[in-house]
Amino acid sequence: MSVYMNADIRWYVGQFAVSSYSKSSTFGAECAPLDSTPISTSGWVEVIPGQKSGSFSHDLMAEHTDGGLDEVLQALHGVSDVTQSFSIGSTVGSPGYTFKSLSTQYQPFGGTVGEISRAALSGSGSGVLARGRLIASDATAVTSSGTGTAVQAGAVVAGKAMYAGLHVTAASGTSPTLAVVVQSDTTGFGSPTSRITFSTATAVANRHQFSSVAGAITDDYWRVSYTVGGTTPSFSFAVVLGVG
């Protein structure tokens, strides 16, 4: 059995790494039980699986500077399909999840005199909660075009899809642009195939995105390829893949 202490957790809501302010965060998946007990019951309730749903909550340390946590979360509150991703570790290859979400409750401030000001965010998932791997980490900024490290994130069987969440957590320079593509291949990446192409991100647009590619895909190694443009550009971004 392998256990771990909660440290070096990365959690992204839209373009913000909320784990830098989080005291505790949770998410989970639920499946509604549907009562299928027939009239000829033997006295025991029978159920079949119904629709699945997800939920999340964040207990945060409040932050109110311009462009900071509060400004971002307030702008995303009540907005459909905000990308959220989570990874146990900031290194490429760490296990993680990605999903679309809707913030239904946001508390920007709370606490008493002498304590750290707190904020809270919670809501529902929208669609699949996909489990996979972190294939690009925002721990190191990129200033020129390149490719990421290949990660064995798994093949995709027919009827399933590979989902990807992109989070651009920092962008600077004059007219900076970032185009990210998710590629797959076998070991060695001798002939990669582009599977998911995100819209070009800038300092003000397309900072978080969610996309997918349907199976069947026999390739089980995945990486990012990225093209950086502009004058003295710099980007920090993360990508989490997951099959669902």
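In the protein chain, 74% of the contacts between residues at least 6 apart in sequence join residues at least 24 apart. The model in which these contacts were computed is a predicted one. Its secondary structure comprises one helix and 13 strands, arranged from the N terminus in the order β-β-β-β-α-β-β-β-β-β-β-β-β-β. The radius of gyration is 20 Å, close to the 18 Å given by the globule rule for 244 residues, so the chain is as compact as a globular protein of that length. Along the principal axes, the C-alpha atoms fill a box of roughly 75 × 60 × 35 Å.

Burial and surface composition were examined next. Of the 244 residues in the protein chain, 39% are buried. The chain exposes about 12,300 Å², of which 52% is supplied by carbon and sulfur atoms. Its charged side chains number 11 positive and 15 negative, and the centres of the two sets are 7 Å apart.

His167 is located in strand E10, which spans residues 161–185. With a relative accessible area of 0%, below the 20% limit, His167 is classed as buried. When neighbours within four places in sequence are left aside, the contacts of His167 include Gly14 and Ser85 together with Tyr12, Thr83 and Gln84. Arg207, His208, Ser236, Phe237 and Ala238 are also in contact with His167.

The helix, H1, covers residues 69–76 and contains Asp70. The side chains of Asp70 and His64 are joined by a polar contact of 3.4 Å. Beyond its neighbours within four places in sequence, Asp70 is in contact with Glu63, His64, Tyr106 and Pro108. Asp70 and Gly215 are separated by 145 residues in sequence and, C-alpha to C-alpha, by 39 Å in space.

Strand E13, residues 221–243, includes Val228. This valine is buried, as its relative accessible area is 13%, under the 20% limit. Apart from neighbours within four places in sequence, Val228 is in contact with Val142, Thr143, Ser144 and Ser145, with Thr177 and Leu178, and with Pro233 and Phe235. The C-alpha atoms of Val228 and Pro95 are 27 Å apart, the two residues being 133 positions from each other along the chain.

Backbone geometry was considered last. Most residues other than glycine have a negative phi, and most peptide bonds are trans. The peptide bond from Gly215 to Ala216, by contrast, is cis, with omega near 15 degrees. Ala216 belongs to the loop between strand E12 (208–214) and E13. A positive phi, near 55 degrees, is found at Phe189, a residue of the loop between E10 and strand E11 (193–197). Thr232 likewise has a positive phi, near 45 degrees, but is placed within strand E13.

Technical notes: Residues are numbered from 1 along each chain as its sequence is written. This is a predicted model: local features need pLDDT of at least 70, side-chain atom pairs count only at pLDDT 80 or more; totals for chains, interfaces and linings use all residues. Side-chain values use heavy atoms; hydrogens and water are left out. Helices (H or I, at least four residues) and strands (E, at least two) are DSSP runs, numbered from the N terminus. The radius of gyration is taken over C-alpha atoms; the globule rule is 2.2 Å times the number of residues to the power 0.38. Buried means under 20% relative accessible area, exposed over 50%, partly exposed in between (1.4 Å probe, protein chains only). Contact means heavy atoms within 4.5 Å. Accessible areas come from the Shrake-Rupley method with a 1.4 Å probe; for residues, only the protein chains shown count as cover. Lys and Arg count as positive and Asp and Glu as negative; His and the chain ends are not counted. The place of a charge is taken as NZ of Lys, CZ of Arg, CG of Asp or CD of Glu. A polar contact is a pair of N or O atoms within 3.5 Å; within protein, one must be able to donate a hydrogen and the other to accept it, and residues adjacent in sequence count only if both atoms are side-chain atoms.
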